Amino acid sequence: MPLLEIQNLQIDFGRAPNALRALDGVSLSIEPGKTLGLVGESGSGKSVTALSIARLLASPPAFYPGGRILLEGRDVLKMKAAELRGIRGGLVSYVFQEPGASLNPVFRIGNQIQEALKLHRPEAATEAEVVRLLKLVGIPAPEARARSYPHEMSGGMQQRAMIAMALAPHPKLLVADEPTTALDVTIQAQIIELLGRLRQQLGMAILLITHNLGIVGDVADQVAVMYAGQIVETAPARELLQRPLHPYTRALMNSVPGLDADAGRLTAIPGAVPRLGAFPPGCRFAPRCPIAKAECSEKIPELLEVEPGRFVRCPFWENE
Amino acid sequence: MTRLITRFVWSAITLLGTAVLTFFLLNAVPGDVARVIAGSKASPDVIKEIHAKYHLDDPWWQRLGLYLGQLARGDLGHSYVTDQPVSEAILTRIPTTAALASLAVVMWVAVAVPLGALTAKFRGSWFDRVTLVLATVSLSLPAFWLARMLQYWLSYKLGWFPVATFQSFRHLLLPAASLAILSVGYYARLIHTNMVEALDSPYIRAARAKGASETRVLFKHALRNALIPVITILGMDVAGMLGGVLFIENVFALPGIGTLAVQSVFNLDPPMIMGTVLFTGALVVGANWVVDLMYGWIDPRIKSGT
Amino acid sequence: MRLLAQSLRHDSGPSVSVPVGESPTGTGGSPVLPNQNGARHEISRLPDSAQSADATSNAPTPKRGGTLRLALPTDVSSLDPALAFDTISQPFLLLLYQGLVEYDDGVKLLPCLATDWNISEDLRIYTFHLRPGVRFSNGREVAASDFVYTLERILNPKTAAPTESYFEGIAGAKDFRAGKAPNVRGLRAPRSDTLVIELEEPNPPFLYILTLPGALVVPREEVERFGQSFASHPVGTGPYRLAEWRRGIKMRFERNPLSSQADRQNLDAIEVMAGGDSALHMMRFERGELDIADITANPGIPVPDFLRIQRDPRWHNLIEKMQGPLTEFLVLNTEMAPFDDLKVRQAMNYAIDKNKVVKLLHGTATPVNGVLPSTMPGFNTNLAGFRHDPARARQLLAASGHAGGFSCKLWCWNEETMIASALQYDLAQAGINAQLNPVAFATLVESTERRKTAQCSLSGWSQDYPDPSDFLDTMYNGNRITEEGCQNGSFYNSPRVNKLLAEAAACQDPEQRLRIYQAAEQAVVDDAPVVPLFQRYIYALRQPWLRGVRLHPVLYFRFERMWIER
């Protein structure tokens, strides 16, 4: 049984008749111990998807007109408050984009990690465990660091601390929402490397949200690409990176500068991501798609399983 | 270190300025303290004797110099009317004022914190709106009127509280409540605003993601941040509080600094007036000091002033 | 001056007059001389003072016990009898201290620390025999030398006693004050139980002067020990001693174990809390927190509450009432135009409707035609005064060249603006434009006592002791005019009246003396340097369990005579 299974999730912001549909029938699944990379530009709905897993979206304004989110077979959308608190941290933990802002500035790091322990593993809520966790994420001088305040640490350290805090309750799924976007490139690599190492050491599943295709290849087993509230392509990581099938994925790949590429102009994707409520009819990428046909704008294409485990939302996927 | 010294110097200058300004104001007020001491039927000779005794006929710069010299020696002088040492009078009154103010602060914090926190949580609800209206009303109430109304209705008409004076803890309840009502609206809104800001912060979402209950999120994570500016404002609000204390003490005839100050003005008693003014000035200056020092301790993001 | 800050008057001249028993109604009455050998007088009661149910002829037996709870707007400033000067401290001083003589329930004098006394033929030498076995609260027995010390202390310029001028008539006082003599010649203690006081000139009211706080006996060693702070560490012979005094907050008196006057020690303790105005005290009283609503006797029930209390079945039987020994009047400065013109002054008198003012006060006062209050011996019920006649007023104004009226500045205490406004209105009907100038009390006193400063002012005078000279000589004797501190506020100087006053002062026949004073009063009223207005009642509102509350015409309250019965 998959650890996480999102089935046809629909999320609206606001109520009818002014509702804006942010997620329109999103489905994905993660097996225990596996890593899924969720890729897309800002505004694609990837963060919304991630946050919805533990129902962290404020409701109002978020509403769930359809779909299910199954964690170990239980529907998160139907859980009562107490059960929800149990899975938050206990089953699924989060690492956020801006670690400095996501740590409470008035409490020491050790205190905040202990809080995570107290909530789910009270028998292990000791200073020793805090130190062990800090060591695990590669923070030097962990005893001293436990007594630091967030603002006394660098961005990289903060993120490591955040990861330690996320790991403390031994979750089965770690949702990392753009964990490296706010960090330096060199630190980015370190964090991604850490995540990879932890994945192996702890056998935990990871949902890695990012707009950066580059980092996905190192850690993910599977990759899903989102555009305008829909999944447009899903594939095993290596497959997707070597042979992207959806026009959007291809465009994304082309816009990533490689180290060995010519120092020519970057190929940007013309146009912009459509805003919520202003989605075009039919295929949402059609206005920007180089191979778009007239019929693309008539009807939203289905997600086709073109190979076992490979899905594409484009009937013209074979065209180059 | 230099910062500390500069602060000290400025505080001293502030107090000195207060003393001098009060001295001049006092001189501008018509009325002769000798009359108060001697009574309306005393002969001009007696008045002259009193003038001589207290140097009331000396030129102003001599009298000011005399007073400042005394002050430098730490001597606040003696009341012209009762002959009681001013410092003794003030010291005996401090406990009452302190008790009143502390009880009031406890009362209003106990109400403002939950109100501010809950109205932030339930932003826009009718609860929030009603609280906003009540808060605005409480801010606008004149202190004297509120105190008298409460005294009239709750003590005099209904007999729930003693009418006046300070003879037991019960006697402090209504005065402290009056003082608290004056401030609770302001602080509830202040906490509300700060809580709203705190609740919108990313660390709140992270706390929820850890599985923290809403209560914990509200009262541990958000409140701790929201209270930082509130505590500093509380410290600086000492001056404003003293104004309310003055009215409340007088309405309820409590033996505190407020009644001492008013009495000394009616008596045209210069040393006592100067003494109470300087004391309250020192209190305000001191409170600002404390706030400054505390700031670094409350908010870990600020390194305390060096 | 005004009751609130009533002090003792400044009297720099001797007056030879004989104290008489009160005769508040009719002329003369039956004067009683202080018996030459000081035997007891009859206790007489003042008519016109309504007594509440408990002060009837079947006097109830006092019970011992209980604490009397009182309140004052401001703390007593001093408990040093040489320095304390106002109505408010007087009853408290009498808890602690005693003098040679004291008042009975009325205005007659009784022996107190003196058992009897002799007055010499020429009325100058008083010989007092002292009561044996009286002790100060520090244990020491009182001797005649203590009285000598007490009176010398008053006369000593260093003490700056407000009442020292009353005692200047003692032989040798002036030399002592000027530093020319180490002692006062006229104060002698030939034996420890005999005190002799010699006066420069005869002064029949002198015994009254011995009831003033300045003459209450104090022990030298304690005064010297405490110095300035003797004011808060009283040591006297009175029935109570000061147990606690938190300045500006609370005073507590407890029984003096060394006093032998058990009948004046019914109460265990008397507590006075300072702070709050009369409205607050009324609230506290009605809630049972105080035993007497208002001990400032000004007037004792706040005017706004008066009607309500009168009508309230709970309280209306508990109101003590007494004609106040004071009158209020509008002073016209005869040295400032247009009040230098008799016709104008008369016009002022005709213009004002006293009955209306009294109505404004809800009947807590009665109108008066003259300058003496009805409680004063020599009060003349047949005195011819001015009726309310605005037409006559206008006629007189026209005759004096003020046909179109005139403007003047009316000074008043800022708490009496209501009365002043009523006067202003009446004057306006006669074409007189009076501009109100409400000021603080001290300012009022200063300005009205300075020459050529206040054109007209709303003022009053309360008795220091029951003798017409207290009012007439102080306020209408032209020989007493000074540039500053002058209590002759109208600066009135009539040779005829001056002569009458001098005659009265020299007169030895008590009845004749009163008649001369009555003639003087009529002359003054005719000359209209003032517009007499009204005489207030003094009230005391007590709790049902407080007994023995009877207002005294001079002292108002005597707490040591009260008791609590629940």
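This is a predicted model: local features need pLDDT of at least 70, side-chain atom pairs count only at pLDDT 80 or more; totals for chains, interfaces and linings use all residues.
C:H129 touches C:A114, C:T115, C:D116, C:W117, C:D193 and C:T194, leaving aside residues up to four places away in sequence. Is C:H129 buried, exposed or partly exposed? With 18 other C-beta atoms within 10 Å, C:H129 falls into the partly exposed class, because being buried takes 20 or more such atoms and being exposed takes 12 or fewer. C:N118 is another residue to look at here: C:H129 and C:N118 are eleven residues apart in sequence, and their C-alpha atoms are 8.7 Å apart in space.

**Chain C as a whole**

Stepping back, chain C carries 15 helices and 19 strands. Of its 566 residues, 54% are buried. Take the contacts in chain C with a separation of 6 or more, and 72% of them are between residues 24 or more positions apart.

β8(C) runs antiparallel to β9 of chain C (residues 250–255), and six bridges join the two. Along that pairing, C:W245 is opposite C:M251 in β9(C), and C:R241 is opposite C:E254 in β9(C). The hairpin of β8(C) and β9(C) has three residues between the strands, and C:G248 takes a positive phi near 75° there. Moving on through the sheet, β9(C) is joined to β10 of chain C (residues 269–274) by five bridges, again in an antiparallel run. C:K250 has C:M273 in β10(C) as its bridge partner.

**Strand pairs in chain A**

Chain A has antiparallel pairings of its own. Strand β1 of chain A (residues 4–13) pairs with strand β4 of chain A (residues 62–71) over seven bridges, with A:F13 opposite A:A62 in β4(A). β4(A) also runs antiparallel to β5 of chain A (residues 74–75), this time with two bridges. There, A:L71 has A:R74 in β5(A) as its bridge partner. Which residue of the hairpin of β4(A) and β5(A) takes a positive phi? A:E72 does, near 50°, in a hairpin with two residues between the strands.

| Strand pair | Bridges |
|---|---|
| β8(C) and β9(C) | six bridges |
| β9(C) and β10(C) | five bridges |
| β1(A) and β4(A) | seven bridges |
| β4(A) and β5(A) | two bridges |

**Two packed helices in chain B**

In chain B, helix α9 (residues 202–209) packs on helix α10 (residues 214–236) at an angle of about 140°, and their axes are 10 Å apart. That makes α9(B) oblique to α10(B), since an angle has to be over 145 degrees to count as roughly antiparallel. The crossing of α9(B) and α10(B) is right-handed. On the α9(B) side, B:Y203, B:I204, B:A207 and B:R208 meet B:V217, B:H221 and B:A222 in α10(B). Sorted by class, this contact has five nonpolar, one polar and one charged residues.

**How the chains meet**

Which chains have the most contacts between them, among the two pairs that touch? That would be chains B and C. Their contact takes 36 residues from chain C and 35 residues from chain B. On the chain C side, α6 (278–286) and α12 (441–448) each supply at least two residues. The side of chain C that touches chain B splits into 15 nonpolar, eleven polar and ten charged residues.

As for chain A and chain C, no contact joins them, and their closest C-alpha atoms lie 47 Å apart.

Conventions
Residues are numbered from 1 along each chain as its sequence is written. Chains are lettered from A and ligands numbered from 1 in the order in which they are written. Two strands pair if DSSP finds at least two bridges between them. Helices (H or I, at least four residues) and strands (E, at least two) are DSSP runs, numbered from the N terminus. Axes are lines fitted to C-alpha atoms, for helices over the stretch in contact, and angles run from 0 to 180 degrees between N-to-C directions. Angles under 35 degrees count as roughly parallel, over 145 as roughly antiparallel, 65 to 115 as roughly perpendicular and the rest as oblique. A crossing is left-handed if the near helix is turned anticlockwise from the far one by less than a right angle, and right-handed if clockwise. Two residues are in contact if their C-beta atoms, placed from the backbone, lie within 7 Å. Ala, Val, Leu, Ile, Met, Phe, Trp, Tyr, Cys and Pro count as nonpolar, Asp, Glu, Lys and Arg as charged, and the others, Gly among them, as polar.
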